[in-house]
Amino acid sequence: MYFDPAENAISLVLTPLYWLVVTAGLLFVVLFVSLSSLLLTRGKSGLTVFFAEVRGMLSDIFSLSPRRIWSLARLAIMEGYRRKALSVFVVFALLFMFAGWFMGDSEGVTADRVKVYVSFVLTALTWLPIPVILILACFGIPEDIRLRSIHTVVTKPARRLEIVIGRMLGVSVIALFILLIMAIVGQIWIQRQIPSSLLTCRVPVYGLLRFIDRNGDVGAGVNVGDIWAYRSYIEGATKARAQWGFTQVSESMLDSDGNLNLENSFSAFRSYKGDMSRPLFYDIKIYHPETKLAYTTDPQPVNEFRSKLDKIPRKLTIDDAQYDLFKDFVTKDGVLYVEVACIDREQYIGMARADLFIRMPDRPFAVGYWKAILGIGMIFVLVTMIGVSASTVVKGPIAAILTLVLFALSGKKSHQFMDALMTGEVQGGGFLESIYRLVTHLGPSTELPANPAFTIIKFIDTVLTSFLWLCKQVIPRLRSFNMSEFVANGFDVPFDVSILPSLLVTAGYIIPCVMLGYFALRIRELESK
């Protein structure tokens with residue numbers, strides 16, 4: 001697995017605080033713009049109209065009826081059925097009927113090809129229903145306004161807030177129903193194509209990594225010149241070591257044979273060719289930092305491009321004396337220290353934090369698979385909420401494009417680029433400064449003259465950068481939603497770094513999307529086509 005799950009970890013303190021700040025900021029902007037426009041168009045009477053509208057909104061919020069919401073959701077479900085939303089199953093069936101032609105014979109499936117099969121299924125489950133969801137979410141309300149069929153709803157006791165919630169709920173039910181059927185078929189297809197022995201759901205426990213240099217001091221690993229700086233390397237036949245500290249180690253981590261499984265995916269770097277058929281070797285040392293008790297395994301070959309499992313027995317023999325792994329090596333705080341050394345002289349072994357972990361007893365493949373399905377379902381709900389709220393402001397095609405743009409900007413690279421802009425890591429300055437540099441052919445590293453004009457430019461860029469921070473918080477982060485990466489690599493989906501962030505992001509968009517759709521539908525002229 002070539003990624004570190006800690007990248008998706010969130011702060012349970014900062015995340016809700018950011019949500020409160022962003023939601024309050026958006027609410028303030030909406031109310032301020034509404035009040036300003038009323039004062040400009042109606043003068044002092046606009047203030048009376050503004051507070052009357054606020055009272056009406058509060059009345060609608062506290063008068064919600066679950067019965068009316070479900071009735072409107074049923075209408076949305078019936079509308080989706082009439083629009084042939086379930087026709088996506090035909091495309092899905094054709095895709096899986098002929099997938100075997102292009103993916104090879106199922107009898108020859110190897111461990112390397114399992115990732116291709118699982119990724120294919122989860123990718124199909126993610127992208128096939130998206131066009132249907134966009135059509136139902138983005139074209140429903142604008143089409144009702146165009147045909148004026150919405151008048152039969154707003155003239156009844158149903159409130160506009162209930163219309164927005166009902167539409168979101170109905171489209172979400174259709175999307176999740178489609179996903180459920182497709183997920184069941186996908187799991188059956190995977191189990192028919194792949195032997196059960198190759199379908200794993202490993203439960204890793206990661207530790208903290210630090211490096212010891214060749215002189216025996218705490219430092220950084222060796223950079224062997226690889227452009228991808230994911231791994232650092234330790235030099236063989238020196239004091240260089242890689243040390244992991246695993247917390248909360250308990251007997252529940254043992255397998256059925258009473259062994260503690262340490263799985264690694266180390267990388268080998270050869271400073272000279274030598275015998276290429278001979279692998280590089282490493283050893284693992286388990287030690288107690290206080291008692292100085294240590295146990296070292298026999299030299300083990302590096303399994304390049306593959307994961308390797310090292311079994312540490314609970315009962316360890318050192319100098320004809322018997323020791324217990326948990327009683328004699330695990331500290332009082334529940335920490336187990338593991339040290340890896342390269343044996344071959346002038347050769348290097350590379351590792352990252354996630355390249356060595358304690359492998360707990362495996363779970364059924366279906367556990368990780370359905371967790372990934374949960375992530376896909378939350379993507380569908382998020383697309384539905386954003387699409388419905390956008391459709392209350394603009395026409396259906398524009399709402400669909402806006403939703404797609406938001407999700408195109410939700411990737412990791414887009415957020416990293418916006419972070420670099422806000423922190424000043426990108427050379428060339430902000431919006432106005434970069435335009436000035438382009439027009440005057442100034443390089444990004446050239447200092448601008450210190451005069452009032454450029455001071456004003458930098459001030460405006462600072463204000464725009466602050467606004468960019470707000471926009472960045474509005475754009476969803478979908479990296480945690482993509483749980484297929486775990487399942488395809490044979491890992492269980494961790495709750496704290498994937499499921500919990502996805503749930504919090506989805507829940508955080510409910511109130512802003514509902515309120516935005518409600519405000520837009522309340523002030524919109526429904527007679528206009």
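Helices (H or I, at least four residues) and strands (E, at least two) are DSSP runs, numbered from the N terminus. With that in hand, here is a friendly tour of a predicted model, in which local features need pLDDT of at least 70, side-chain atom pairs count only at pLDDT 80 or more, and totals for chains, interfaces and linings use all residues. Residues are numbered from 1 along each chain as its sequence is written, and side-chain values use heavy atoms, with hydrogens and water left out.

- Glycine 424 follows helix 12, and its phi is positive, near 80 degrees.
- His415, Met418 and Ala420 are buried in helix 12, where buried means under 20% relative accessible area, exposed over 50%, and partly exposed in between (1.4 Å probe, protein chains only).
- Those buried residues of helix 12 pack against helix 14 (452-474).
- Helix 14, with 23 residues, reaches 34 Å from its first C-alpha to its last, close to the 33 Å expected at 1.5 Å a residue.
- Phe454, Ile457, Asp461, Leu470 and Lys472 are the buried residues of helix 14.

**The nonpolar cores**

- A nonpolar core is a set of buried Ala, Val, Leu, Ile, Met, Phe, Trp, Tyr and Cys residues joined through side-chain atoms within 4.5 Å.
- The largest one here has 79 residues, and Val118, Leu122, Leu125, Ile190 and Tyr369 have the most contacts inside it.
- Several helices each supply at least two residues of this core, including helix 5 (111-127), helix 8 and helix 16 (495-523).
- Helix 10 gives the most to this core, with 14 residues.
- Apart from this core lies another, of 36 residues, among them Ala240, Tyr282, Val330 and Cys342.

**Residues to look up**

- Isoleucine 190 touches Val118, Val121, Leu199, Phe365 and Tyr369, not counting residues up to four places away in sequence; contact means heavy atoms within 4.5 Å.
- Glutamine 193 is in helix 8 (residues 160-193), and this glutamine is buried, with a relative accessible area of 17%.
- Threonine 126 has its place in helix 5 and counts as buried at 15% relative accessibility.
- Threonine 126 is in contact with Ile376 and Phe380, leaving aside its neighbours within four places in sequence.
- Valine 222 lies in the loop between strand 3 (218-219) and strand 4 (232-235), and at 34% relative accessibility it counts as partly exposed.
- Valine 222 and tyrosine 348 are 126 residues apart in sequence and 8.6 Å apart in space, C-alpha to C-alpha.

**The second largest pocket**

- On a 1 Å grid over the protein atoms alone, a pocket is an open set of points where a 1.4 Å probe fits, with protein on both sides within 12 Å along at least five of seven lines, and lining residues have an atom within 4 Å of a point.
- The second largest pocket has a volume of about 710 Å³, a volume being the space filled by probe spheres set on the points.
- Its lining has 29 residues, of which Ala111, Asp112, Arg202, Ser307 and Asn489 lie nearest the centre.
- Helix 5 provides the largest share of this lining, 4 residues.

Methods
Expected span 1.5 Å × (residues − 1).
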